[in-house]
Amino acid sequence: MLKRMLVSGRLPGALLFTGEEGIGKKLFALEVARALNCRSPKDHEACGVCPSCVRIAKLNYPQREDAEEWTQIIWTDHPDVGLVVAPKRVLRVEQMRQIEKEANFRPFEGKARVFLIDEADKLNDASANALLKVLEEPPKTSHLILITARPAMLLPTILSRCQMIRFSPLTPDEIESHLVKTEKVDTKTARLRARAAGGSMGRALSGDLVTFTSQRKAMLKVLNALAISDDRAQLLRSAEQLTEAQYKEEFEERLDVLETLIRDAWMLSLGVQSNQVVNEDLLSELNEISKNIDPSRAADWILQIEDLREQLIVNVNRRVTTDALFLVMAGDVPALKRPKIR
Ligand SMILES: [Zn+2]
């Protein structure tokens, strides 16, 4: 789809890349920037070796933790391609103003200026509004690529101005083949890692599957309690565990894991092939769960989790909210806020 846009010279000014963490959305966005600026493109794709391609591949992340530096545009070695990330939990108004200013310049060197906005779900109302100005009338030679694993968190006004491109989670076979062919991992290890990576190449490559495995075990318990045993005590124990201080950094990852498990069970209940399931190594457990849920319930669960994420931005008490989430998912209490359908 992107290739067609590049060929026709009609790449939209605002793109939104969505899909799981760690499947290459940002790398792909840089690849688009390279294709636009490559000095000797091959069939509209970046050559990968010309000075433009080489420099766009290099992002100059600040060396220090200093929030001030992280609030600036992080440029690549190419003067027309840069990225912004959320310095803490929020993308700031000043970052969007910088992008607006920079997007109005003609390219200094290449053919197009490209700005990546990573974790676009971390825009708050103020910064989203600041961004709207550029999204409305981006100059012809500038492109914005918003990147997020959670498009449901974006304001409808932002969503409606971007062309969304969805990246599917990778299947275990795809991950395995990459590990063996490109990373030269031995077949046995590759198979194991690919099956346990939950559809994310980033996770398969990092090799840190111990943490992930224990996260998945904990979240599978939640799903079992919801779908099969209907065990409230287990749910509250899980909520307590999930919100323990030692897992503070892992909280959102754990929610991600829970969502992939729900998606898998949901897909199975709709009758998809088992090799399309991300957590293929848990097939028998997931099959069991899928027999006990109907698809609309699974869809509701995902909306309810997204709803919790939204509340987390305003710093609510995690423990209380997570308790509430699980009880809402179990059907004990009606959702306080109707899940947004966007
Ligand atoms: Zn090139």
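**Entry 1: salt bridges**

I began with R150 and D256, whose side chains meet in a salt bridge at 2.8 Å, N to O. R150 sits in the loop between strand 5 (142–148) and helix 7 (156–159) and D256 in helix 13, so this pair ties together parts that are 106 residues apart in sequence. I noted that R150 is buried and that D256 is buried too. The model I am reading is a predicted one.

I then looked up E259 and R263, which form a salt bridge with the closest N and O atoms 3.8 Å apart; both lie in helix 13, 4 residues apart, or about one turn of the helix. E259 is buried at a relative accessible area of 5%, whereas R263, at 30%, is partly exposed. I found these residues again in a network of salt bridges that links R89, R150, E252, D256, E259, R263, E306 and R309.

The structure holds 24 salt bridges, and I also checked the one between D43 and K3, where the closest N and O atoms are 3.3 Å apart. This pair links distant parts of the chain, 40 residues apart, with D43 in the loop between helix 2 (25–37) and helix 3 (51–56) and K3 in helix 1 (residues 2–8). D43 is exposed, with a relative accessible area of 57%, while K3 counts as partly exposed at 30%.

**Entry 2: helix 14**

Which residues of helix 14 are buried? I listed L286, I289 and S290; seen down the helix axis, they fall within an arc of 100 degrees, so they line one face of helix 14. They pack against helix 11 (209–229) and helix 13, and the face turned away from the buried side carries the exposed residues S284 and K291.

In the loop between helix 13 (251–269) and helix 14 (283–291) I located V272, which is partly exposed at a relative accessible area of 31%. Together with M267 and L270, V272 makes a nonpolar surface patch of about 220 Å².

The T321 side chain reaches the backbone oxygen of N317 at 2.4 Å; residues up to four places away in sequence set aside, T321 touches L308, Q311 and V316.

Q304, in helix 15 (residues 295–313), is buried with a relative accessible area of 12%. Leaving aside neighbours within four places in sequence, I recorded contacts of Q304 with L325, V328 and M329.

Technical notes:
Residues are numbered from 1 along each chain as its sequence is written. This is a predicted model: local features need pLDDT of at least 70, side-chain atom pairs count only at pLDDT 80 or more; totals for chains, interfaces and linings use all residues. Side-chain values use heavy atoms; hydrogens and water are left out. Patches are made of residues with over 30% relative accessible area and no salt bridge: like charges are joined within 9 Å, nonpolar side chains (Val, Leu, Ile, Met, Phe, Trp, Tyr) within 5 Å. Accessible areas come from the Shrake-Rupley method with a 1.4 Å probe; for residues, only the protein chains shown count as cover. A salt bridge is a side-chain nitrogen of Lys or Arg within 4 Å of a carboxyl oxygen of Asp or Glu. Helices (H or I, at least four residues) and strands (E, at least two) are DSSP runs, numbered from the N terminus. Buried means under 20% relative accessible area, exposed over 50%, partly exposed in between (1.4 Å probe, protein chains only). The arc is that of the directions from the helix axis to the C-beta atoms. Contact means heavy atoms within 4.5 Å. A polar contact is a pair of N or O atoms within 3.5 Å; within protein, one must be able to donate a hydrogen and the other to accept it, and residues adjacent in sequence count only if both atoms are side-chain atoms.
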